[in-house]
Amino acid sequence: MYQRPDVIFFLLTKRPERIRAHLPSDWGEGWENVWLNVTCENQAMADRRIPVLLDVPAKHKGVMCAPLISPVSLMPYLQSGAIEQVICGGENYDGARPCHYEWVKQLHDECLTYRTAFSFIETGTHFVKDGRSYFIRSKQCQAEQAYRSGLSFGHLPRFNLKTPLGFPLQPSDCYQPVYDGPHCKQCGSRRICNGCSHCGKCRRYICLQVDEDSV
């Protein structure tokens with residue numbers, strides 16, 4: 001990660017208490033290209049993991065409420081302004097626990113209050129809305145339904161990336177995401193996807209760009 005300051009590293013963990021013991025000696029207040037995230041599937045895990053994350057020095061921090069298996073409130077943590085993005089999605093596979101629309105909407109509303117970017121990426125296999133259960137086995141359909149909800153919003157963080165030689169990364173050097181797949185236009189994950197599925201389209205350097213049409 002240190003050798004590639006031109007690449008964003010999105011790190012997601014269920015064990016944030018282990019982070020401090022494994023930070024490099026020259027970490028300081030964090031590296032610009034490293035984004036630390038914790039997963040919080042319910043309130044108990046949110047209250048256990050997010051305070052630990054907030055106490056760790058880092059340039060970028062985020063929360064993934066996936067699989068969302070019960071209501072979660074992030075209000076006390078969003079107030080800090082340190083959380084830059086919240087990702088939300090239901091559980092997949094046979095026997096998946098239900099994800100309720102009301103839980104997702106609550107997270108959306110809380111993020112909207114503090115202008116924290118919010119991405120609802122998929123409904124999960126068992127989705128409940130207005131008291132009615134829906135069983136959606138296709139992940140593509142789950143992503144489309146999340147997109148159609150219109151709940152995702154906000155700009156993703158800006159990263160001050162550099163070339164491996166230490167020079168500021170210029171916009172002309174940045175990889176431009178390509179979203180021309182048959183399902184890209186209505187995919188709930190589009191806002192957090194770097195469009196890298198088209199091998200050979202990348203340029204020399206990589207940086208995270210926001211598609212203004214999807215915000």
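## A salt bridge in a predicted model

The side chains of K129 and D130 meet in a salt bridge, 3.2 Å from N to O. A salt bridge here is a side-chain nitrogen of Lys or Arg within 4 Å of a carboxyl oxygen of Asp or Glu. K129 is partly exposed, at 30% relative accessibility. D130 is exposed, with a relative accessible area of 63%.

Residues are numbered from 1 along each chain as its sequence is written, and side-chain values use heavy atoms, with hydrogens and water left out.

## More charged pairs

Side chains of opposite charge can pair when their charged atoms come close. The salt bridge count comes to 8. One of them joins D109 and K105, at 2.9 Å from N to O. These two residues are 4 apart in helix 3, so about one helical turn separates them. D109 is partly exposed, with a relative accessible area of 32%. K105 is partly exposed too, at 29% relative accessibility. Helices (H or I, at least four residues) and strands (E, at least two) are DSSP runs, numbered from the N terminus.

## Around R97

R97 is found in the loop between strand 4 (83-89) and strand 5. What does R97 touch, beyond residues up to four places away in sequence? The list is I69, E91 and H126. Contact means heavy atoms within 4.5 Å.

The side chains of R97 and E91 form a salt bridge of 2.8 Å, N to O. A polar contact of 2.8 Å also joins these side chains. A polar contact is a pair of N or O atoms within 3.5 Å; within protein, one must be able to donate a hydrogen and the other to accept it, and residues adjacent in sequence count only if both atoms are side-chain atoms. R97 is partly exposed, at 42% relative accessibility. E91 counts as buried, at 16%. R97 and P67 are 30 residues apart in sequence, yet their C-alpha atoms are 8.8 Å apart in space.

An open sheet has 3 strands in the order 5-7-8, with mixed pairing. Strand 5 (99-100) and strand 8 (132-135) stand at the edges. Each has a single partner strand, so one side of each is left without a neighbour in the sheet. Two strands pair if DSSP finds at least two bridges between them.

Strand 7 (residues 126-129) pairs with strand 8 in the antiparallel sense, over 4 bridges. H126 stands opposite F135 in strand 8.

## Aromatic rings

A pair of aromatic rings is described by the distance of the centres and the angle of the planes. Rings of Phe, Tyr and Trp (its six-membered ring) pair if their centres lie within 6.5 Å; planes under 30 degrees apart count as stacked, over 60 as edge-to-face and the rest as tilted. The count comes to 5 aromatic pairs. In one, the rings of F10 and W35 have centres 5.2 Å apart and planes at 80°, so the pair is edge-to-face. F10 lies in strand 1 (residues 9-13) and W35 in strand 2 (residues 34-39), so the pair ties together parts that are 25 residues apart in sequence.

W35 is buried, with a relative accessible area of 3%. Elsewhere, ring pairs link Y2, W27 and W31 into a cluster.

## Buried positions

T116 is found in the loop between helix 3 (101-113) and strand 6 (117-122). T116 is buried, with a relative accessible area of 3%. Leaving aside neighbours within four places in sequence, T116 contacts L78, I83, E84, Q85, V86, C111 and F153.

In helix 4 (residues 139-148), Q142, A143, E144 and A146 are buried. The buried residues of helix 4 pack against strand 6. G150 follows helix 4, and its phi is positive, near 70°.

Terms used:
Buried means under 20% relative accessible area, exposed over 50%, partly exposed in between (1.4 Å probe, protein chains only).
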